[in-house]
Amino acid sequence: FPAQIRPDKPAMTTGEADFETVDSREAEAISVLARDIWQRHYWPGILTRNELDYFWQRSYTPSRLREDMRNGARYEWIKTAGQRVGFLAYRMETGEGRLHLSKLYLDPDFHGLGLGAKALSRVQHLATAEGIREIYLYVFRNNAKAVRAYQRAGFVIERTEMTECGV
């Protein structure tokens, strides 16, 4: 995978966030950022290398991302000080009155600045604007940092599932 250069320290510490729609032509950039974030956040403490590779191939290759966009997923960059530091993806399920938040990833160098909370607030605002009352997501149970962040934002664990990861 291509090397990605990142600053030694976050550009900002105020947690100011902007959101920008991702164009399907930017699937490669999302894929590269996703791989970098996954390698730095999930491995080795949450996923094994084989599990990481499996999940990335299943959902984060440029072709998979473009397919997801064609099928109605909306992707947005999370930016601070003009720098792309993460992304989110969601799908409105208006018939069911739900929004599925399928992806919310931040560069680990930008964790703890409130950007994730601002991204969740954005998703909640978008859902409310569409008359949607329920937002749901899935998170690896070993990802304690993310579980805590979602709980701080008001999410509750509805159920836990054990699924095979295919490796």
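Welcome to a predicted model, in which local features need pLDDT of at least 70, side-chain atom pairs count only at pLDDT 80 or more, and totals for chains, interfaces and linings use all residues. Residues are numbered from 1 along each chain as its sequence is written, and side-chain values use heavy atoms, with hydrogens and water left out. The protein has five helices and five strands; these are DSSP runs numbered from the N terminus, helices being H or I with at least four residues and strands E with at least two.

**Overall layout**

- Starting at the N terminus, the elements follow the order β-α-α-α-β-β-β-α-β-α.
- Of the 167 residues in the protein, 40% are buried, meaning under 20% relative accessible area with a 1.4 Å probe and protein chains only, while exposed means over 50% and partly exposed lies in between.
- Among contacts (heavy atoms within 4.5 Å) between residues at least 6 apart in sequence, 62% join residues at least 24 apart.
- The accessible surface is about 9,800 Å², and carbon and sulfur atoms hold 47% of it; such areas come from the Shrake-Rupley method with a 1.4 Å probe.

**The sheet**

- An open sheet is formed by five strands in the order E1-E2-E3-E4-E5, with mixed pairing; two strands pair if DSSP finds at least two bridges between them.
- Strand E1 (18-21) and strand E5 (134-136) are at the edges with a single partner strand each, so one side of each has no neighbour in the sheet.
- From one strand to the next, the twist averages 30°, using axes fitted as lines to C-alpha atoms and angles from 0 to 180 degrees between N-to-C directions.
- Strand E4 (residues 98-106) pairs with E5 in the parallel sense over three bridges, and His100 has Tyr136 in E5 as its bridge partner.

**The nonpolar cores**

- A nonpolar core is a set of buried Ala, Val, Leu, Ile, Met, Phe, Trp, Tyr and Cys residues joined through side-chain atoms within 4.5 Å.
- The largest one has 24 residues, and Leu99, Leu101, Leu104 and Tyr150 have the most contacts inside it.
- Strand E3 (83-93), E4, helix H4 (115-129) and helix H5 (144-152) each give two or more residues to this core, with the largest share, six residues, coming from H4.
- Beyond its neighbours within four places in sequence, Leu104 has contacts that include Ile78, Phe87, Ala119 and Tyr150.
- A second, separate core of 22 residues includes Val22, Leu33, Leu65 and Ala89.

**A look at Asp53**

- Asp53 sits in helix H2 (residues 49-59) and counts as partly exposed because its relative accessibility is 27%.
- Arg35 is 18 residues from Asp53 along the chain, and their C-alpha atoms are 9.1 Å apart.
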